[in-house]
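Let's take a walk through this model, stopping at a few spots worth a look. Keep the viewer open as you read.

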Amino acid sequence: MLIGQVQHSLDAKGRLIIPQRFRSDLGDRFVATRGLDGCVSLYPLEEWDRLAAQIRSAPIAEGRTMQRYFFGFAEEQQPDSQGRVLISAKLRQLAGLQKEVVIVGVESHVEVWDAQAWERVEGSVEDEDVIAALSRSGF
């Protein structure tokens, strides 16, 4: 299960070591793409296929937008022997990734955040927001 968070650094070439705790669930190959809210998302292939099927089944007007957003920036990744992947310059730019990053497991996929951006996101979530969201979702 992809849960928890790990602070890490990008190297000078834009490579990221995928922490061991996430490697087995992400698999030998996975997809990196533009994430929501200003991050890079890493999807295990099975989860990527599920997301792609949902997007393909969306009405054409919404589907086009989602296809461009997710598929237009998608990159298949295969970690090297040290567990590193190269996050493209475009994805790093879109997510504002600098040197220090936080890798966050969000159950079905992993998000890679610039460390300062993650602090803002993490600090903006209040218990009341979560309670309200749970209530709207039928919990």
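V130 sits in helix 6, residues 127-136 (helices are DSSP runs of H or I, at least four residues, and strands are E runs of at least two, numbered from the N terminus). Its relative accessibility is 40%, so V130 counts as partly exposed (buried is under 20%, exposed over 50%, partly exposed in between).

Now turn to E75 in strand 5, residues 75-77. E75 is buried but has no salt bridge (a Lys or Arg side-chain nitrogen within 4 Å of an Asp or Glu carboxyl oxygen). The nearest oppositely charged side chain, R92, is 8.1 Å away (Lys and Arg count as positive, Asp and Glu as negative; His and chain ends aren't counted). Beyond four places in sequence, E75 is in contact with F30, V31, A32, L86, S88 and L91 (heavy atoms within 4.5 Å).

Last stop: Q7, in strand 1, residues 2-9. Q7 has a relative accessible area of 67%, so it is exposed. D114 is 107 residues away from Q7 in sequence, yet their C-alphas are 9.8 Å apart.

A word on bookkeeping: residues are numbered from 1 along each chain as its sequence is written, and side-chain values use heavy atoms, leaving out hydrogens and water. As the model is predicted, local features need pLDDT of at least 70 and side-chain atom pairs count only at pLDDT 80 or more, while totals for chains, interfaces and linings use all residues.

Terms used:
Buried means under 20% relative accessible area, exposed over 50%, partly exposed in between (1.4 Å probe, protein chains only).
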